[in-house]
Each structure stands twice: as C-alpha cells, then as structure tokens.
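Take the chain as a whole before turning to single residues. The text below moves from totals to nonpolar cores, and then to a few positions in their surroundings.

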Amino acid sequence: MLYKLAELTGETFAVPQLVLNQLQRGEENLIRVALYILTTRSTDPADIARALRLKSTAAAQRALDFWYGAGLLEHADPAGPGPEAPIRAPRMTSAEVAAASGRDPHIAALVSECQKLFGGAISQGDTNLLVSLYCNDKIPLETLLVAAAYSAQEGHRSAKYIERVVLRWRETGIVTGADAERYLHLLEKRRENEKKVADVLGCDAGLFTSAERRLIAGWFEDFGYDISMVQEAILYAEGKNTVRYINGIFKSWYAKGWRSLRDVRAAAAISGSNIQPAAPAPSPGGQTGPDRMTRRKKPLQFLVEEE
C-alpha cells in the first residue's frame with residue numbers, strides 16, 4: 001500500500017538541518033533529546049531524562065554536550081537570571097517536633113529506625129532535622145529510610161549527611177523510596193563495572209576521576225558493551241590503555257554500528273586487521289582460558305577517536 005504525507009493542520013515546528021543530518025547515525029536518543037528541546041525549550045538534564053525515560057541523567061547530559069558541540073545549543077549567559085532555588089522552611093524546633101510526633105505516628109518510626117541503623121540514640125538536633133525533612137521538605141518516609149541505610153553503609157551517621165543525600169536525589173528526580181533503591185542498585189552495578197575495567201587495565205579503580213567514571217558508565221549503560229568489549233578495545237589501543245583512549249575507540253565502534261564482540265571481529269576479518277582471534281590458551285589450572293589475540297603485520301585500519 002502506498003502512502004503520502006497528509007495535510008498538516010496541527011501545530012508544527014521547524015527542525016534545523018543539523019538535527020536532520022544526524023538521522024543516519026542511528027543515535028535514537030540524540031534525535032529524541034533534540035526534538036524534546038525544540039518542542040519544550042527545556043535543557044534541564046533531569047527533566048529530559050525523566051520525560052524521555054532515559055537510563056540516567058548522565059545520558060541526557062551527554063546528549064546536551066553533543067548538541068552543544070554540534071551548534072544546536074549555546075552556553076547560557078552566566079550573568080542572566082537563573083532558576084530560583086526553592087525556599088526551604090526553617091528547621092523545626094524541639095517543641096514543634098514533639099507536637100508533630102503526637103499527630104503523626106510515622107515520625108516515631110522514622111526516629112526509631114534511624115537509631116537502629118546508626119547503632120544508638122541520635123541527638124535532638126539530628127531528630128529535629130530528620131523530622132523537618134519529613135514534614136517541611138515533604139521527603140517521603142521510605143526515601144529517608146533508604147537514605148539513612150545508605151548513609152550508615154557509607155560510614156556517615158548524621159542527619160546532615162542524610163539531608164545532603166535526599167536533597168541531591170530530589171534535584172535529579174529521585175523522589176520515592178523505590179526510585180532511591182533503583183538508583184543505589186545502579187551505583188552498585190557501576191562500582192562492579194569500574195572494578196572489572198580497572199582489573200583489565202591494570203590499575204586501581206579508586207584512582208578513576210569523576211569524568212572517567214562517567215565515561216565507563218556510558219560504555220555499559222549507553223553503548224551496551226560488556227567487559228569483553230573492553231578487553232577487545234585494549235588490543236586496538238596499542239598500549240594506550242587509558243579510559244579516554246578506550247572511550248575514543250568505543251565511540252568509533254558505536255558510530256559504525258558495532259554492538260558486540262562478534263561485530264568487531266567480523267569487521268576485523270573483512271578489513272584484514274592486524275588483530276585476529278587465536279586458539280584459547282590453557283590457564284594455569286589446566287582449563288581453557290579466554291580468547292587470546294595474535295598480531296599480524298598488516299597496518300591497523302580502525303579509526304580511533306581521542307577526546
């Protein structure tokens with residue numbers, strides 16, 4: 001059946017050519033973010049991530065950075081008026097906390113659970129702050145308890161730390177206890193991936209910078225790669241085993257449509273790359289280990305992009 005464009009009678013908007021030029025790249029999220037910006041004028045990464053259901057605010061920020069580099073966006077005038085910070089009510093007094101506790105039994109449960117998590121009684125000042133977060137800032141009880149458990153796990157047993165955590169979460173769209181649980185699970189998965197990457201790079205995961213951690217998160221969450229792809233990329237790095245160099249390789253691979261180890265090796269076989277899979281080498285325990293790579297004397301033909 002043949003189709004033709006129907007007459008446009010509803011609201012329309014212009015799409016810049018620089019956005020249309022990206023259609024062939026296959027970067028669906030880039031196009032979605034650009035169209036969202038054009039229709040809403042919003043460039044807030046948390047708003048974009050929430051509206052488009054992206055995996056993370058960092059994914060939205062990377063799209064914003066891309067469109068800034070492409071010329072769709074420009075830096076906001078730092079001297080111009082910015083968004084006003086929400087005005088928070090003052091911390092509740094001890095008398096106000098006592099009165100609120102008589103009206104809401106959840107307050108006693110909040111204080112009791114925090115004491116258990118912290119391993120002892122908490123001060124009146126901490127109690128006042130926790131109840132203020134619950135009553136004045138409208139932070140849900142379950143979110144406060146998840147934050148308290150996370151704070152205790154990180155070795156911070158104070159209401160001030162919980163306050164910083166929940167307010168930062170709220171800024172990034174994490175509101176409910178379920179939101180917080182999913183976020184903490186994501187953080188744990190990121191730590192595991194950073195440890196795996198550090199092991200294959202031969203470095204300490206604790207030495208990764210914040211920027212490097214964001215890049216590593218993007219490999220697994222945005223590109224959809226796994227640790228075997230990191231091992232493969234190291235072979236093409238020619239000894240330049242840095243996060244930024246590996247990221248350049250991954251950007252090139254992703255732009256070419258290579259989504260798996262099979263894609264990379266199939267392309268290597270077609271192009272005659274100097275890196276080919278070899279027979280598995282026996283491990284020290286006598287079992288077959290992971291694939292090794294042998295090198296031939298043909299020139300490397302893969303484009304590598306450094307940031």
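Of the 307 residues of the protein, 39% count as buried; the model is a predicted one. The exposed surface comes to about 18,600 Å², with carbon and sulfur atoms supplying 53% of it. Secondary structure consists of 14 helices and 2 strands. Among contacts with a separation of 6 or more, 58% are between residues 24 or more positions apart.

In soluble globular proteins, nonpolar side chains tend to be buried together. The largest nonpolar core here has 33 residues. Within this core, the residues that touch the most other members are Leu 110, Leu 130, Leu 144, Tyr 150, Ile 162, Val 166 and Trp 169. Two or more residues each are given to this core by helices H5 (94-103), H6 (105-118), H7, H8 (141-153), H9 (159-171) and H10 (177-201).

Val 166 shows what the surroundings of a member of the largest core look like. Leaving aside neighbours within four places in sequence, Val 166 is in contact with Leu 133, Ile 139, Thr 143, Leu 144 and Ala 147. Of these partners, Leu 144 is also listed among the core residues that touch the most other members.

Helix H7 spans residues 124-135 and holds Ser 132. Is Ser 132 buried or exposed? Ser 132 counts as buried because its relative accessibility is 4%, and the cut-off for buried is under 20%. Beyond its neighbours within four places in sequence, Ser 132 is in contact with Arg 91, Met 92 and Asp 137.

Tyr 183, in helix H10, gives another case. Its relative accessible area is 27%, so Tyr 183 is classed as partly exposed. Which residues does Tyr 183 contact, leaving aside neighbours within four places in sequence? They are Trp 169 and Ile 174. Tyr 183 and Trp 169 are 14 residues apart along the chain, and their C-alpha atoms are separated by 9.1 Å.

Helix H12 (residues 227-236) can be read by its buried positions, which are Met 229, Val 230, Glu 232, Ala 233, Ile 234 and Tyr 236. An α-helix has 3.6 residues a turn, so residues three or four places apart point the same way. After H12 comes Glu 238, with a positive phi near 55 degrees.

Notes
Residues numbered from 1 in each chain as written. Predicted model: local features only at pLDDT ≥ 70, side-chain atom pairs only at ≥ 80, totals over all residues. Heavy atoms only, no water. Buried < 20%, exposed > 50% of the residue type's maximum accessible area, 1.4 Å probe, protein only. Helix = DSSP H or I, 4+ residues; strand = E, 2+ residues; numbered from the N terminus. Contact = heavy atoms within 4.5 Å. Core = buried A, V, L, I, M, F, W, Y, C linked by side-chain atoms within 4.5 Å. Areas by Shrake-Rupley, 256 points an atom, 1.4 Å probe, with all protein chains shown as cover.
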